[in-house]
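Subject: Structure for you to look at

Hello,

Here is the structure I said I would send. Please open it before you read on.

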Amino acid sequence: MEKYLYFSNPNSGAPDQTQETAMYATSSLLGVCPGSATTTLLHFTPRDGGTNPADIVTLTHTSGGHKVVFDGVASLVNAEKNNMPFQVVADVENSIFNISGVTACSIASTD
Amino acid sequence: MKTNFLHFKSVGTQSFTYVSGGQTVVINSADFWDVAITNKNQITVSVFDLSAGTDNAVAQAGLSLSTNTVTIAASGSNGFDLAAGDIVTVTVIPTEDTEAIFRADRFLGVEANASATTAILSFKSMKSVAAAAGDDTITFTIADDGNVALMKDISLGVLEALNADKNGGTVTVFDRLNDVGILANLAITKMVIAVA
């Protein structure tokens with residue numbers, strides 16, 4: 001069964017703009033790398049069916065915490081804890097962060 | 001589907017104990033730096049003040065870089081006035097070229113190149129799925145491999161990493177900074193991560 005990663009970052013209240021929530025198939029995750037000392041970038045196959053550039057979800061976390069985020073992402077992709085198909089990575093509106101040290105997220109897509 | 005993620009982390013930090021004279025340190029030696037530092041915006045500099053026992057971050061405005069020489073300005077110019085025994089630590093700012101995890105199922109191959117001392121791992125690009133997208137690479141510098149022993153060991157190590165965890169997870173192939181990982185004992189002297 002395919003599993004999915006969920007992210008939300010509405011500015012306030014109900015989502016009313018693009019890129020405020022997103023769900024990607026785990027098979028769409030292309031790779032993960034640091035963006036800065038306090039951010040990690042998750043690259044996904046573009047949701048709009050395009051090929052380039054990748055959609056990017058940026059997770060903000062404690063300084064130098066990239067390996068913790070890497071491990072957390074790998075765990076969620078593989079549904080290590082609960083084997084559920086729906087894996088919440090960062091749900092800002094509801095203050096749910098399922099990776100230690102992550103405090104915020106943003107979504108950037110080309111559509 | 002369970003997936004392993006292969007983890008690579010390069011080295012990029014160096015400490016110096018100040019003695020006297022100009023407030024400069026020289027970086028980019030192969031032992032300490034995998035990423036070539038060509039702009040001061042790639043690094044952070046901190047000073048451990050021996051007399052005060054405190055760490056002090058030096059602002060970017062107080063730094064300059066010329067070739068491999070980092071100069072710390074005086075305190076009146078956003079820098080720090082060094083005293084004998086102070087410890088200057090220069091550290092690369094994390095980017096896609098300092099550390100990353102790559103999906104095992106996007107691994108393309110590992111091969112030598114024209115050099116006798118280079119092995120290259122390739123993954124499908126993490127930034128694009130376009131047909132023309134380049135591949136992401138990790139380039140290892142190794143000792144002269146006249147008997148092809150190291151290349152074989154690297155290939156076997158990568159194979160081990162690709163299949164390390166049947167339940168999926170993060171597998172450290174090589175963390176140069178902490179000298180750990182499956183390839184840690186293969187005398188790799190440089191590792192350059194290049195995300196296309």
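My notes on it follow.

This is a predicted model: local features need pLDDT of at least 70, side-chain atom pairs count only at pLDDT 80 or more, and totals for chains, interfaces and linings use all residues. Residues are numbered from 1 along each chain as its sequence is written, while chains are lettered from A and ligands numbered from 1 in the order in which they are written.

Chain A sheet. Four strands make an open, mixed sheet in the order E2-E1-E6-E7. Strands here are DSSP E runs of at least two residues, and helices are H or I runs of at least four, numbered from the N terminus. Two strands pair if DSSP finds at least two bridges between them. E2 (21-25) and E7 (96-97) of chain A each have a single partner strand, so one side of each lacks a neighbour in the sheet. E1 (residues 4-8) of chain A runs antiparallel to E2(A), with five bridges. A:Tyr4 sits opposite A:Ala25.

Chain B domains. Domain 1 covers 4-9 + 97-194 and domain 2 covers 13-92; the bounds come from an automatic or database domain assignment. Their C-alpha centres are 31 Å apart.

Cores. A nonpolar core joins buried Ala, Val, Leu, Ile, Met, Phe, Trp, Tyr and Cys residues through C-beta atoms within 7 Å. Buried means 20 or more other C-beta atoms within 10 Å of the residue's own, with C-beta atoms placed from the backbone. The largest core has 53 residues, and A:Val73, B:Leu6 and B:Val173 have the most contacts inside it. Helix H1 (residues 66-77) of chain A gives the most to this core, six residues. Another core, of 16 residues, lies apart from it and includes B:Val11 and B:Val47.

Best wishes

Methods: Buried ≥ 20, exposed ≤ 12 C-beta atoms within 10 Å, placed from the backbone.
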